[in-house]
Amino acid sequence: MSNTSPKSQRTPANAGVNQRAQLLAQGHQALTRIPDAIIQLGTIFSRNGYELSLVGGPVRDAFLGTAIHDFDLTTSARPEETQKLLAQWAHKTWDIGREFGTIGAVRDGLVVEVTTYRAESYDPSSRKPTVEYGDNLAGDLTRRDFTVNAMAVRLPELVLVDPCGGLDDLVRGELRTPAAATQSFDDDPLRIMRAARFAAQLKFDVSPEVMRAMADMAQRLEIVSAERIRAELERLIISPAPRRGLELMVETGVCSVVLPELANLQETVDEHGRHKDVYEHTLTVLDQVMDLETDADGAVPGPDFILRFAALMHDIGKPATRKFEPDGTVSFHAHDIIGARMTARRMRKLRFDKDTTKAVSRLVELHLRFHGYGEQRWSDAAVRRYVTDAGELLPRLNRLTRGDCTTRNRRKAAWLSAGMDDLEARIEALKEQEEIDAIRPDLDGTQIMELLDLQPGREVGRAWKYLLELRMEEGPLGEEEAKRRLLAWWEGANQ
């Protein structure tokens, strides 16, 4: 593999040279493992007089030592020619977006997307480009979002093409734009979110120019659809280092546009030290719940978006509920309830699906439920209610509760951890005794109607709730005792 980049002089002289050599070695190793079928496809295009190159993320990841799984390709061929050539190679082809010059194909489970070289122009009122086909690979690469994504490898010969110095920026761990950052973000404002996402995904810094442009042009995100912003935010949250991306969003003002509830936590900073810094506390909780994620066969396999986003949103109700008490303390009464409502509203605006929205907002609502367990050990009934209210979110709620402890007081932290250990042990013991995960009354609706001679309706619901309360308070009663207690209750309720 050879390197045709004209910007190798940008690399620092000493450590940079060694890092660059290491990246080149990693890239060479990864690229030589490209499936033979991809090399064959490159040969087909070449024999017919067209260029074909692997481009973008797969090339970047190859140099970072990551195996290539996606095969994004670019070509000098126009879409109709691309489809004809792919038909010689693939079992099936399809038109992904002919208006954008992209054709898809699959062969033996290997999926490729091939896009014609492009030179785009943008309407300032929209992020949708006017697509014009380009004539050369370098021109196609310079229109891309960041230099680290603007590298290509020509097929079948595996020649690196790097006109924007992307390899040098990989060495530095820096995100730059091929064109001026202000122009790049003006053309496509979603790139502002992508800068934050790649900072989190790659653990890279952004260049000063990119940071300034993000701050200057954050409001341009208002023309981007909520769905696209949500997709980038999701990918940021499940990245290896989401805190980096979130801090970048807050510092540049992007967060005030996309997720103002997080940015507003800075308003609770108290110069008198009467309570902790809620913004920093929130980011620490996010870090800590990530550490509590389990592996793929555990209760909460990571990366878990629901747990992480709940950690990020769990205290967003505090700015609206902060109150300075007469004794000099500060309270945030009902910030859990207020925060849950705010979370649901924001997630609906970002077009999250209903199940995810419900799960995250429910965790925010329940995140204080454990508090007080240590002062007065709960009854079995209280433990049952905790489990029932959490439902399938219980493993996440327990982890959010543990992660929410950011005190520097070691004794208090140990006390809270011991309390959570005790609660989890009691939950497991009750599970073994009475199948606590599926708590139901001892009688079902049909039995209630038969016993009380009722038709379906409100009274059946009242009777069912009465039996559920008994079940919570006293555990399993057995069918005969439940019938006796229900009849007695019914008689008293109707006197």
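Start by selecting Asp 145, Arg 194, Arg 197 and Glu 232: salt bridges link these four into a network. For another charge over a ring, pick Lys 318 and Phe 332; the charged end of the lysine sits 4.8 Å from the centre of the Phe 332 ring.

Before going further, colour by confidence. This is a predicted model, with an average pLDDT of 88 and 91% of the residues at 70 or above. Residues 1–12 are another matter, with pLDDT below 50, although the model gives this stretch 38 contacts beyond near neighbours in sequence. Where pLDDT is low, predicted coordinates should not be read in detail.

Next stop, the aromatics. The structure has seven aromatic pairs. Select Phe 305 and Phe 352, which are stacked at 5.5 Å centre to centre with 20° between the planes. Phe 305 belongs to helix 15, while Phe 352 sits in the loop between helix 17 and helix 18, 47 residues apart.

Now jump to Trp 378 and Tyr 386, a tilted pair at 5.5 Å centre to centre and 55° between the planes. Trp 378 is buried at 15% relative accessible area, and so is Tyr 386, at 2%.

Time for some of the 34 salt bridges in the structure. In helix 18, select Glu 365 and Arg 362, three residues apart or about one turn; their side chains meet at 3.2 Å, N to O. Then try Asp 389 and Arg 369, whose closest N and O atoms are 2.6 Å apart. Asp 389 is in helix 19 and Arg 369 in the loop between helix 18 and helix 19, so this bridge ties together parts 20 residues apart in sequence. Which parts does the bridge between Glu 469 and Arg 385 (2.8 Å, N to O) tie together? Glu 469 lies in helix 23 and Arg 385 in helix 19, so the parts joined are 84 residues apart in sequence. Both ends are partly exposed, Glu 469 at 40% and Arg 385 at 26%.

Finish on helix 20, residues 394–403, where eight of the ten residues are buried. Among them are Leu 394, Leu 397 and Leu 400, along with Arg 396 and Arg 399.

Terms used:
Residues numbered from 1 in each chain as written. Predicted model: local features only at pLDDT ≥ 70, side-chain atom pairs only at ≥ 80, totals over all residues. Heavy atoms only, no water. Phe/Tyr/Trp six-rings, centres within 6.5 Å; stacked < 30°, edge-to-face > 60°. Helix = DSSP H or I, 4+ residues; strand = E, 2+ residues; numbered from the N terminus. Buried < 20%, exposed > 50% of the residue type's maximum accessible area, 1.4 Å probe, protein only. Lys NZ or Arg CZ within 6 Å of the ring centre and 35° of its normal. pLDDT = per-residue confidence, 0-100. Contact = heavy atoms within 4.5 Å.
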